[in-house]
Amino acid sequence: TPLSVLCLCRDSSMHAVEQLIDEVIEMFPYSKYIHFGGDEADIDFWKECSVCQKYMQENNIASVKALYSHLIYYHFIFICLKFLQPFESFCGGFNK
């Protein structure tokens with residue numbers, strides 16, 4: 001695994017990202033915005049990652065670009081439900 005790429009298809013990685021989001025929310029409890037993205041990540045690693053390939057197959061995801069979108073959307077929804085919704089703040093995002 002390259003040091004610059006996180007295998008987000010591992011449950012432990014998903015949990016770590018959720019914990020990180022929790023910590024950011026705790027640090028900035030009244031913020032109206034959290035920016036979450038990773039379009040600068042080199043996701044080509046996921047083409048060779050057996051865990052990612054298995055996740056893609058199980059979830060009918062055709063490409064690593066689609067996998068990236070899927071994972072960003074998952075965490076975006078996590079942020080919206082956990083952070084923004086209780087404060088009636090705006091939840092917005094984009095996918096490159």
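Leucine 20 is exposed, with a relative accessible area of 51%, where exposed means over 50%, buried under 20% and partly exposed in between (1.4 Å probe, protein chains only). This is a predicted model, in which local features need pLDDT of at least 70 and side-chain atom pairs count only at pLDDT 80 or more, while totals for chains, interfaces and linings use all residues. Residues are numbered from 1 along each chain as its sequence is written, and side-chain values use heavy atoms, with hydrogens and water left out.

Leucine 20 lies in helix α1, helices being DSSP runs of H or I with at least four residues, numbered from the N terminus. Serine 13 is also found in helix α1, which spans residues 11-27, but serine 13 is buried, with a relative accessible area of 8%. Setting aside residues up to four places away in sequence, serine 13 touches Leu6, Cys7 and Leu8, a contact being heavy atoms within 4.5 Å.

In α3, the residues Cys52, Tyr55 and Met56 are buried. They lie on the same side of α3 because they cover an arc of only 100° around the axis, the arc being that of the directions from the helix axis to the C-beta atoms. On the other side of α3, Ser50, Lys54, Gln57 and Glu58 are exposed, and just after this helix asparagine 60 takes a positive phi of about 55°.

As for confidence, the protein chain averages a pLDDT of 78, and 76% of the residues score at least 70, pLDDT being the predictor's confidence in each residue, from 0 to 100.

Conventions. Helices (H or I, at least four residues) and strands (E, at least two) are DSSP runs, numbered from the N terminus.
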